[in-house]
Amino acid sequence: MEAVIAVFALLFVLFLALGAYATVKAVGAAKRGVDRTLSTARRTVEDHTLRAKSFAQLGPAGELAQLRLKLRTSMRATQDALHAGVAEDESLKESLSLFQRLSAHGHELDGELKRLESEPDRAALAERLPSLRERTERITASADSLRWAARDRARRFADDDLDTLSAQIDVEAGALRHWTTSDPAQTPPPWPEAPAADSAAGQQTWPERPGSRAAEQPTRPAITPSGPRPTYPWQKKPRPESTT
């Protein structure tokens, strides 16, 4: 009885542990989902704010908003393209690692541009704008190069697969329309060989001449003469035939 109680207690503890583990995993997944949702919403709001500033504000402040919006748009598009392509093409892992190094410079520049938005000295800000513009162009050009290279590679693979598929379809279509093409002249099959038992009968014969057969075989008399018959003592002597 005590053993049964111990088994049930152990099962109860196991069920509690599994339930706690499942609860923690579910809470973690929900938290990550909420974080992603909040991050996406925050990013969308910030992008719309930057777009509004780039159109509404003039001077260095408006140009800073344009630089941030250009940088964020290019980096996000390249990140999505590489993450989508690396699942199908393993060779993009090296490109993804290079993009991660580039992202560090992009985040640093984006943070600097965000801090300069609240800079009250517009003259100093105007002096720094050319260097900020150059850094933005270099980072976005590198990101765009990686993104277009990944897209061109994916398109090249798709074109090669389409060419192969088109060739196979052409071959199959030609096989289905085989009745429209004239068949080449076929070599007639050889005659079957004669059986071994009929080989003698199948040979060609010529009529024999009487003279040649007589010359081949020796002459013999038509009737062989019989020799003298033996005489026995019990036989009577033959009487001479009467002449009358």
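Predicted model: local features only at pLDDT ≥ 70, side-chain atom pairs only at ≥ 80, totals over all residues.
Q: Which elements give two or more residues to the lining of the second largest pocket?
A: The lining includes A81, A84 and G85, along with A150, R151, R153, A154 and F157. Two helices reach the threshold of two or more residues. They are α2 and α4 (122–176).

Q: Which element supplies the largest share of the lining of the second largest pocket?
A: E88, D89 and L92 are among the lining residues. The largest share is five residues. That share comes from α4.

Q: How do the residues lining the second largest pocket divide into nonpolar, polar and charged?
A: Gly counts as polar in this scheme, and G85 is in the lining. The lining divides into six nonpolar, one polar and four charged residues.

Q: What is the volume of the largest pocket?
A: Twelve residues line the largest pocket. Its volume is about 370 Å³.

Q: Which residues lie nearest the centre of the largest pocket?
A: The lining has twelve residues in total. By class, three are nonpolar, four polar and five charged. Nearest the centre lie R72, M75, R76, Q79 and H107.

Q: Which element gives the most to the lining of the largest pocket?
A: Both α2 (60–86) and α3 (92–116) supply at least two lining residues. The top contribution is six residues. It comes from α2.

Q: Is D110 buried or exposed?
A: D110 lies in helix α3. Its relative accessibility is 14%. The cut-off for burial is under 20%, so D110 counts as buried.

Q: Which residues does D110 touch, not counting those up to four places away in sequence?
A: A contact needs heavy atoms within 4.5 Å. With the sequence neighbours set aside, D110 touches R68, L71 and R72.

Q: Is R147 buried or exposed?
A: R147 is found in helix α4. Leaving aside neighbours within four places, it contacts S74, A77, T78 and A81. At 10% relative accessibility, R147 counts as buried.

Q: How far apart in space are H83 and K93, C-alpha to C-alpha?
A: H83 is found in helix α2. H83 is partly exposed, with a relative accessible area of 43%. In sequence, H83 and K93 are ten residues apart. In space, their C-alpha atoms are separated by 9.1 Å.

Q: How many aromatic pairs does the count come to?
A: Ring centres must lie within 6.5 Å to pair. By this rule the number of aromatic pairs is zero.

Q: What percentage of the contacts with a separation of 6 or more joins residues 24 or more positions apart?
A: The protein has 244 residues, of which 18% count as buried. Among contacts with a separation of 6 or more, the share from residues 24 or more positions apart is 71%.

Definitions and conventions. Residues numbered from 1 in each chain as written. Heavy atoms only, no water. 1 Å grid on protein atoms, 1.4 Å probe; cavity = no way out; pocket = protein on both sides within 12 Å on 5 of 7 lines; lining within 4 Å. Points joined across faces, edges and corners; volume = space filled by probe spheres on them. Helix = DSSP H or I, 4+ residues; strand = E, 2+ residues; numbered from the N terminus. Phe/Tyr/Trp six-rings, centres within 6.5 Å; stacked < 30°, edge-to-face > 60°. Buried < 20%, exposed > 50% of the residue type's maximum accessible area, 1.4 Å probe, protein only.
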